[in-house]
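The sequence and structure are shown first.

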Amino acid sequence: MARQTAVNPFSLSLIAGCSTLAALGGVPAHDISFSLAWPSGSLVLRALGPHLYLIAAQVVCEFFSNNKHVARLPLMLVPIGFNTYRMWTLIAWCKAVVAADMGSFHVCLAFGNLLFWAFNLFVFLLLKMVPLYLNPEKAAV
């Protein structure tokens with residue numbers, strides 16, 4: 001039987017595309033939203049803050065856990081755990097933006113983030129990445 005080559009889940013082009021989209025579009029949009037929400041009050045800022053904190057914490061955790069000494073299961077659980085917890089912060093952000101009547105930019109950004117991260121969690125991570133991580137023949141050890 002021919003030996004299959006290991007596939008590193010982080011080398012997939014879909015991840016690169018999603019990461020590029022999030023970095024090029026998401027980070028400046030969040031900065032603009034944060035600066036525009038600053039004068040309006042603390043309700044929207046308190047709702048937006050945890051989401052931004054979770055992104056930064058996830059980047060740090062994935063940076064330190066993405067090496068050959070970490071097993072596949074914890075490596076898989078880092079993005080799934082952060083994205084699951086992030087869904088509640090995004091729902092709170094959407095509710096705060098609608099309650100504060102912030103305008104269409106903030107509403108579109110909040111609900112766009114909710115849709116983006118829901119797709120990331122429920123479609124990409126759970127349906128695409130979990131089988132790759134749990135398949136010992138395809139996942140890099």
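N120 is located in helix α4. The model described here is a predicted one. With a relative accessibility of 13%, N120 falls in the buried class, because buried means under 20% relative accessible area. Once residues up to four places away in sequence are set aside, N120 touches N83 and L125.

F119 belongs to a nonpolar surface patch, together with F122, V123, L126 and L127. The accessible area of these residues together is about 480 Å².

## Residue S65

S65 is part of helix α2, which spans residues 42-65. Is S65 buried or exposed? S65 is buried, at a relative accessible area of 11%. A polar atom of the S65 side chain lies 2.9 Å from the backbone oxygen of C61. Apart from neighbours within four places in sequence, S65 is in contact with V70, L75 and V78.

| Residue | Relative accessible area | Class |
|---|---|---|
| S65 | 11% | buried |
| N120 | 13% | buried |

## The chain as a whole

The protein has 4 helices and 0 strands, and along the sequence the pattern reads α-α-α-α. Of the 141 residues in the protein, 35% are buried. Among contacts with a separation of 6 or more, 73% come from residues 24 or more positions apart. The accessible surface of the protein is about 8800 Å², and carbon and sulfur atoms account for 72% of that surface.

## Confidence

The mean pLDDT of the protein is 76, and 67% of the residues score at least 70. Which helix has the lowest confidence, and which the highest? Confidence is lowest in helix α1 (residues 13-37), with a mean of 60. Helix α3 (residues 72-100) has the highest, at 88.

Notes: Residues are numbered from 1 along each chain as its sequence is written. This is a predicted model: local features need pLDDT of at least 70, side-chain atom pairs count only at pLDDT 80 or more; totals for chains, interfaces and linings use all residues. Side-chain values use heavy atoms; hydrogens and water are left out. pLDDT is the predictor's confidence in each residue, from 0 to 100. Helices (H or I, at least four residues) and strands (E, at least two) are DSSP runs, numbered from the N terminus. Buried means under 20% relative accessible area, exposed over 50%, partly exposed in between (1.4 Å probe, protein chains only). Contact means heavy atoms within 4.5 Å. Accessible areas come from the Shrake-Rupley method with a 1.4 Å probe; for residues, only the protein chains shown count as cover. Patches are made of residues with over 30% relative accessible area and no salt bridge: like charges are joined within 9 Å, nonpolar side chains (Val, Leu, Ile, Met, Phe, Trp, Tyr) within 5 Å. A salt bridge is a side-chain nitrogen of Lys or Arg within 4 Å of a carboxyl oxygen of Asp or Glu. A polar contact is a pair of N or O atoms within 3.5 Å; within protein, one must be able to donate a hydrogen and the other to accept it, and residues adjacent in sequence count only if both atoms are side-chain atoms.
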